[in-house]
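Work through the exercises below with the sequence and the coordinates side by side, and try each task before reading its solution.

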Amino acid sequence: MYVFSASAIATKDFDDLKAGDKALFIVYINFKDLFGAETLCKVLTMREGFKDVEIEKRQWLTPEKVQDERIQAADKGLREALQTGFAIQMFSE
C-alpha cells in the first residue's frame, strides 16, 4: 500500500472551498506498483472534482505495518483503503 501527500485545484465549489482554490490531500492506495498507485491517486482525486493533481510525497507501507492492528486502529484512512482499495482525505489550510 502507498500513502501520498498531494495537492490539487478545485474545479467547482465545495463547502469550504471555492473553484480555483488549492486543496491538500492524503491518499491511500492499496496497490503494489508505484506507477499504478500514483496514477490511481491522480485519477481518483480528479474524479472527486479536482485538477492539476501534484503528488508531493509518497510512502510505501510494508505489509507488516498494514496488518498491524494498533496502526489500523489509529488510522481510519488505512482501514478504509484495506476495505475499498483507496481512501482520500482532504485537509483545510
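The model is predicted, so local features need pLDDT of at least 70 and side-chain atom pairs count only at pLDDT 80 or more, while totals for chains, interfaces and linings use all residues. Residues are numbered from 1 along each chain as its sequence is written, and side-chain values use heavy atoms, with hydrogens and water left out.

**Exercise 1.** Determine the order of the strands in the sheet and identify the strands at its edges.

Solution. Begin with the terms: strands (E, at least two residues) and helices (H or I, at least four) are DSSP runs numbered from the N terminus, and two strands pair if DSSP finds at least two bridges between them. Eight bridges join β1 (residues 2-10) to the antiparallel β2 (residues 22-29), and within this pair V3 stands opposite Y28. Extending the pairing gives an open, antiparallel sheet of four strands in the order β3-β1-β2-β4. Because β3 (50-60) and β4 (86-91) each have a single partner strand, one side of each is left without a neighbour in the sheet.

**Exercise 2.** Describe the largest nonpolar core and the contacts of I29.

Solution. A nonpolar core is a set of buried Ala, Val, Leu, Ile, Met, Phe, Trp, Tyr and Cys residues joined through side-chain atoms within 4.5 Å, where buried means under 20% relative accessible area, exposed over 50% and partly exposed in between (1.4 Å probe, protein chains only). The largest such core has 16 residues, of which F4, F25, V27, I29, C41 and F50 touch the most other members. At least two residues come from each of β1, β2, α1 and β3, and β1 gives the most, with five. With neighbours within four places in sequence left aside, the contacts of I29 (heavy atoms within 4.5 Å) include M1, F4, L40, C41 and F86.

**Exercise 3.** Which residues of α4 are buried, and where do they lie around the axis?

Solution. The buried residues of α4 are G77, L78 and A81. They cover an arc (taken from the directions from the helix axis to the C-beta atoms) of only 100°, which puts them on the same side of α4. The face turned away from this buried side carries the exposed residues K76, Q83 and T84. Among the elements covering the buried residues are β2, α2 (63-67), α3 (69-74) and β4. Finally, inspect the two ends: D75 caps the N-terminal end of α4, with a side-chain oxygen 3.2 Å from the backbone nitrogen of G77, and α4 is followed by G85, whose phi is positive, near 100°.

Definitions and conventions. A polar contact is a pair of N or O atoms within 3.5 Å; within protein, one must be able to donate a hydrogen and the other to accept it, and residues adjacent in sequence count only if both atoms are side-chain atoms.
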